Each structure stands twice: as C-alpha cells, then as structure tokens.
Amino acid sequence: MKEILIVEDDTTLNKMLSNILAVEGYNVTSAYTVKEVQYCFRSNAFQLVILDINLPDGSGFDVCKEIRKKSQTAVIFLTANDLEQDMIKGYEVGAADYITKPFPNQILRLKVKAILDILERTETGPPHKVYDDGHLKIDFSSIQAYLNGKEIVFSPLEYRMLQIFIQNKGILLTRQKLLEHLWDSQENYVDEHTLTATVSRVRGKIEQDGSKYIQTVYGMGYMFTGGGMK
C-alpha cells in the first residue's frame with residue numbers, strides 16, 4: 001500500500017484530504033508542523049508528501065529541500081499562493097507538482113495517482129538501466145545520478161522524463177508526445193506548466209560547465225542529443 005504524508009496545519013482540510021485519499025486505498029498519515037514531519041520520516045517511509053507552504057514553525061519550501069536531499073519521496077505542494085514565482089520556486093526546490101487552493105477533489109486524486117504511477121514505473125527500471133557518457137551517469141535501477149562524479153538528486157517525474165529522452169535520443173519529441181509519455185493514456189491530469197518547469201529543472205541539473213543535452217526545437221518540442229561536453 002502506498003504511504004502518503006499530508007502536511008497541512010488546517011485540521012479540517014487535513015482531515016478532508018486524508019479521507020479523500022484513504023477512500024482511494026492509500027495509507028495516509030497527517031502532520032501539522034515541520035517538527036511533526038521530521039518525526040514522521042524517522043518512523044516511516046513515504047512515497048508521496050502533500051505539503052503546505054505556510055506552516056506554523058517553518059516554510060514548506062525548506063521542508064521540501066530536506067526531503068529531496070535525503071530521499072526519492074515525491075512532493076506535491078498544496079497552497080493558496082497562486083503567484084507564478086511561488087510555483088517556480090516550488091519546482092526549483094524539487095516538487096513534482098503543485099495544487100492551488102481551492103481545488104476540485106478530482107484534481108487531487110488524479111495528480112496523486114499520476115505522480116505515484118510515474119514513481120512506480122521509474123522504480124521498475126527502464127530498458128536503458130544505465131546511461132553513461134563519461135560526464136553524466138544515470139542508473140535507473142538504483143535511482144542514482146552523477147554529473148562529473150557529483151551526485152544529482154532528481155524527482156520521480158524528472159527521472160521519468162530523462163528515461164523518455166534517453167530512450168528517444170536524437171528523436172524530436174513534441175510537447176504533446178512528451179505529455180503522453182509522461183502521463184500515459186490513463187486519463188491522468190496533464191499540465192503544460194509542469195512540463196515546461198520539469199524540462200527547465202532537468203536542464204539546470206545536467207547542463208553545467210558547457211554541457212548540452214536537451215535541444216529546444218522552437219514551436220515543436222525537444223530533442224535529447226546527449227554527448228556531454230560541447
């Protein structure tokens with residue numbers, strides 16, 4: 001059973017979220033503060049955290065950073081902040097997705113299912129189990145990645161995107177095709193902004209020191225060229 005941690009200081013909303021996801025068959029734990037999150041992670045392993053940004057004793061952004069440093073747990077931010085810069089910051093610290101309050105319950109269900117599906121497919125390992133060009137190394141079996149020997153932490157969605165790019169090296173992937181690969185055909189929620197932000201985050205992590213891996217074909221999509229240093 002998938003383990004989900006809900007971090008929301010509004011007790012009514014926290015309980016409502018817990019009930020919605022429990023009905024879907026998930027094992028749900030509730031936390032209301034940063035301190036409680038730390039305790040929960042000491043005693044349990046979670047596949048997904050639904051995380052409010054504004055907590056009584058700290059920032060959800062900082063909590064997300066710590067989670068992503070220490071685990072492959074996916075994070076969905078749940079917040080009333082709908083400013084674009086807040087969303088971008090959420091993605092930059094490693095969030096897999098973003099839900100803005102108020103929201104339809106079905107959006108919550110679909111986004112949770114989509115992220116957990118991506119995580120499960122990543123854990124099973126793609127046909128290309130290891131990509132290594134001498135600069136960038138990604139081991140999809142162990143879920144580890146390194147750039148010039150330095151470890152990189154990717155979110156489940158980022159690993160899935162890299163898997164798709166590597167399997168289609170040298171092939172132009174339209175934005176629609178990428179979305180179909182990422183979210184498959186199970187009627188999962190599709191978000192263009194999430195796609196753009198994820199490509200940007202992946203580039204920021206692997207295209208350093210002159211490296212070029214992902215080519216933008218303007219008006220069409222993206223192509224993984226690989227090859228490391230240019």
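Rings of Phe, Tyr and Trp are taken as a pair if their centres lie within 6.5 Å. The model examined here is predicted. By this criterion, ring pairs link Y131, F165, Y213 and F224 into a cluster. Across the whole structure, the search finds 8 aromatic pairs. One of them joins F165 and F224. F165 belongs to helix 6 (residues 156-167) and F224 to strand 14 (residues 221-224), so the contact ties together parts 59 residues apart in sequence.

In one, the side chains of E24 and R109 meet at 3.3 Å, N to O. This bridge links distant parts of the chain. E24 sits in the loop between helix 1 (11-23) and strand 2 (27-31), whereas R109 sits in helix 5, 85 residues apart. E24 is partly exposed, with a relative accessible area of 42%. R109 is also partly exposed, at 27%.

A second bridge joins R201 and E158, with 2.5 Å from N to O. R201 lies in helix 8 and E158 in helix 6, so this pair ties together parts 43 residues apart in sequence. Both R201 and E158 are buried.

D117 and K113 approach to 2.8 Å between their closest N and O atoms. Both residues lie in helix 5, 4 residues apart, about one turn of the helix. An α-helix has 3.6 residues a turn, so residues three or four places apart point the same way. D117 counts as buried at 17% relative accessibility, because the cut-off for burial is under 20%. K113 is partly exposed, with a relative accessible area of 30%. Elsewhere, E8, D52 and K101 are linked in a network of salt bridges.

K101 also takes part in a backbone feature. The peptide bond from K101 to P102 is cis, with omega near -10°. P102 is found in the loop between strand 7 (97-100) and helix 5 (105-124). N148 is placed in the loop between strand 10 (144-147) and strand 11 (150-152). At 42% relative accessibility, N148 is partly exposed.

Helix 3 (residues 60-70) has a buried side made up of G60, F61, V63, C64, I67 and R68. Seen down the helix axis, these buried residues fall within an arc of 160°, so they line one face of helix 3. The face turned away from them carries the exposed residues K69 and K70. S59 caps the N-terminal end of helix 3. A side-chain oxygen of S59 lies 3.1 Å from the backbone nitrogen of F61.

A further serine contact is found at S211. This residue lies in the loop between helix 8 (192-206) and strand 13 (214-217). A polar atom of the S211 side chain is 3.0 Å from the backbone oxygen of Q208. S211 counts as buried, at 2% relative accessibility.

Note on methods. Residues numbered from 1 in each chain as written. Predicted model: local features only at pLDDT ≥ 70, side-chain atom pairs only at ≥ 80, totals over all residues. Heavy atoms only, no water. Helix = DSSP H or I, 4+ residues; strand = E, 2+ residues; numbered from the N terminus. Buried < 20%, exposed > 50% of the residue type's maximum accessible area, 1.4 Å probe, protein only. Arc of directions from axis to C-beta. Polar contact = N/O pair within 3.5 Å; in protein donor to acceptor, adjacent residues only side chain to side chain. Phe/Tyr/Trp six-rings, centres within 6.5 Å; stacked < 30°, edge-to-face > 60°. Salt bridge = Lys/Arg side-chain N within 4 Å of Asp/Glu carboxyl O.
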